[in-house]
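Here is a walk through one structure, taken a piece at a time. Keep the 3D view open while you read.

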Number of protein chains: 2
Amino acid sequence: MREDYLKKLVGMMDTDAILISPGEELLFFTGFTPMQCERFQALFVKKDGTMFYLANILYEGELRAAYGDAFPIHVWHDNEGLPKVYEILKAQGIENCSLAVNSTAQCFNVFHIADNLNLKLSDGKPLLEEVRIRKSHEELELMRRSAEIADSVFDKVCGFIRPGLTEGEVSQFMADVMNSYPDSHSRGGLVASGPNSGYPHYMGKDRVIEEGDCIVLDYGTSYKGMRSDMSRTVFVGSITDEQREIYDLVDRSQLAGQAAAVEGAWIPDIDKAGRDVLDEKGLAHTLVNRIGHGIGYSVHEGPYITQQNFRRLERGMCFSIEPGVYLPGKWGMRIENIVCINENGETEVLNKADRSLRVLDWYKK
Amino acid sequence: MREDYLKKLVGMMDTDAILISPGEELLFFTGFTPMQCERFQALFVKKDGTMFYLANILYEGELRAAYGDAFPIHVWHDNEGLPKVYEILKAQGIENCSLAVNSTAQCFNVFHIADNLNLKLSDGKPLLEEVRIRKSHEELELMRRSAEIADSVFDKVCGFIRPGLTEGEVSQFMADVMNSYPDSHSRGGLVASGPNSGYPHYMGKDRVIEEGDCIVLDYGTSYKGMRSDMSRTVFVGSITDEQREIYDLVDRSQLAGQAAAVEGAWIPDIDKAGRDVLDEKGLAHTLVNRIGHGIGYSVHEGPYITQQNFRRLERGMCFSIEPGVYLPGKWGMRIENIVCINENGETEVLNKADRSLRVLDWYKK
């Protein structure tokens, strides 16, 4: 149970209560999350600092084993259904009031509850992210170590990649390296080879790597609960002149984004700094996603580095800077580092793995 | 694209539109679903029968590849955010109207959209289940075959289970048998051994099976998209007198539930029929879940067999009857068959695997 964060959450709440359904947010605050099925369950945190959990009786055993007596657990039975849920919530004072909901709250359940208990609903996701958006010294130390573990993979995987391997085999190799460290848990990452590199969000693993491929590697680990996330682009055996040019462009775009990310910087300016470099060749439109995302306990959390996030960088914020050029059906490139505004207000780049252009040809020798 | 079901959905809609976010429901209607991240995306089906898809540009490539020109795809960019989503929805006429949402719709996104476009939201999950709650002859044929594949596992797994195996190894064996049939896709199932059998919802796989264990096996497959789901309870090497008694009770409870499940039956009466048998020994309260759930394209869909479902059984409905006795920390037992009200209005039990008490001791011989 993260008492300090729960206290912080309560202090920042502007609703009468917040509902936290199963998922990463619940895990963050309590150290445990059950699976979420169609049966309504959630932790309720009230403005007065009290908490209770409401769940179907099916989950009672595992919840009691995990949570002990941290808060009361109220249960309902399939044969009682939502009417029992309303009854419990009324008894707990959740009626005719305002209720924020977390990112995994299910509309179809929450509507009925709000209708029956006259609740004014609101989006609690930003608040849950705000609570942890400025990392402490201890958290930054874990972020540094997490990045270091990811960095340590890069030279090794460059000595592993060769034509004939599948993307999945490369991902597994990276996972194995990261999981060889104590307290590090990784599922590898994205390995987008050849034409697949043209899709920033590629999810496959079956393509066999070929001579001449461009490969985007995007991976990280969770070290004592804190995440790393980095990307490098490498070339197998050979590279074209056009690719050399674009690699230089992406490299400079990433450096420009990092340079703009200083304490007090207006977030849209960071995105603009990276895109302006891509637009030297009219390619900013190929960067179809945001230039970065906050990171910490989750891989994606606040602050999101977009044109729509009208705030300034503060000490303790951690986020990625990851511009790319994506040419669907052809190839794509991305360079990504995690950056933080550290304890001294400096811009600290957590990832230190080599970013110079690499054409892998060791297997030819 | 299931044109017939989409037409049916439109005919039954009582809102101006319905939003279907990624997940099983989208897969059912369109044959494809992307992953759902925090970026809003959904298929919108309007009362006039027209459809459009709204997604972040990151997903555009895979959506176009999967959906072709089945409906227009409108995209927004991370740097445009929700304001662009509102703009697209307005242009499509989704403003000042009523909108139903499916089971995977994310509260935190949908709230903002509803607030900004003055939408009256409602729970669309029951409608999406209603559309497919009465199976056609062709669908019943697939359900029969799916059940038959699951049935075929039972004798085989009884000849495989022995002390020293883990629960996960037994589950994998069952998956392998089911996946050996064409068009059958299974991930095995729940294998709850010893004290784990006392939890109907047990999710582990690591316990090593021991002499004297009671084991609940709950498994099924997807055959050409239609699901099976069955449970049997077996005993390893030996059985106590108390267990014999309770097995008989659960067996008779399941038969009573099946017998009550006739065309036109009031659903709460089916639950009661099964529980009344368990209460011969005062054990109905140990059945902490519903006695059954609908099944078809999803493992869990309408009609749910609970005291809260005030409707009657109709021709074409398929559902489980699965009473159990669960003694947490000790052991538990369940017997589950899939039952349908078939083309002739008869109660047809799809699972035909042996249900007589089995004490497995082949490995001693």
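## Where the chains meet

The contact between the two chains draws 35 residues from chain A and 35 residues from chain B, with two residues called in contact if their C-beta atoms, placed from the backbone, lie within 7 Å. On the side of chain A that touches chain B, helix 5 (107-117) and strand 6 (120-123) each supply at least two residues. Helix 5 of chain A gives the most, with five residues. Helices (H or I, at least four residues) and strands (E, at least two) are DSSP runs, numbered from the N terminus. By class, that side of chain A has 15 nonpolar, 14 polar and six charged residues. Here Ala, Val, Leu, Ile, Met, Phe, Trp, Tyr, Cys and Pro are nonpolar, Asp, Glu, Lys and Arg are charged, and the others, Gly among them, are polar.

This is a predicted model: local features need pLDDT of at least 70 and side-chain atom pairs count only at pLDDT 80 or more, while totals for chains, interfaces and linings use all residues. Residues are numbered from 1 along each chain as its sequence is written, and chains are lettered from A and ligands numbered from 1 in the order in which they are written.

## Chain A overall

Chain A has 10 helices and 20 strands. Its C-alpha trace spans about 70 × 40 × 35 Å along the principal axes.

Of the 365 residues in chain A, 48% are buried. Buried takes 20 or more other C-beta atoms within 10 Å of a residue's own, exposed takes 12 or fewer, and partly exposed is in between, with C-beta atoms placed from the backbone. Among contacts in chain A with a separation of 6 or more, 64% come from residues 24 or more positions apart.

## Strand 3 of chain A

How many of the six residues of strand 3 (residues 51-56) of chain A are buried? Six of the six, so the strand is largely enclosed by the rest of the structure. A:Met51, A:Tyr53 and A:Ala55 point one way, and A:Phe52, A:Leu54 and A:Asn56 the other way. In a regular strand the side chains alternate between the two faces of the sheet.

Strand 3 of chain A runs antiparallel to strand 2 (residues 42-46) of chain A, joined by four bridges; strands pair if DSSP finds at least two bridges between them. A:Ala42 stands opposite A:Leu54. These two strands of chain A form a hairpin with four residues between them, and A:Gly49 in the turn has a positive phi of about 90°. Four bridges also join strand 3 of chain A to strand 4 (residues 73-76) of chain A, this time in parallel, with A:His74 as the bridge partner of A:Leu54.

## The sheet in chain B

Over in chain B, six strands form an open sheet in the order 4-3-2-1-5-6, with mixed pairing. Its edge strands are strand 4 (73-76) and strand 6 (120-123) of chain B, each of which pairs on one side only. The twist averages 25° from one strand to the next. Axes are lines fitted to C-alpha atoms, for helices over the stretch in contact, and angles run from 0 to 180 degrees between N-to-C directions.

Strand 3 (residues 51-56) and strand 4 of chain B pair in the parallel sense over four bridges, and B:Asn56 stands opposite B:Trp76. Helix 4 (residues 81-91) of chain B packs on the sheet, touching strand 3 and strand 4 of chain B, and its direction makes about 155° with that of strand 4.

Most residues other than glycine have a negative phi, and most peptide bonds are trans. A cis peptide bond joins A:Gly302 and A:Pro303, with omega about -5°, and A:Pro303 is in strand 14 (residues 301-305) of chain A. In chain B, a cis peptide bond joins B:Gly302 and B:Pro303, with omega about 0°.

A:Asn96 has a positive phi near 50° and is exposed, with 11 other C-beta atoms within 10 Å.
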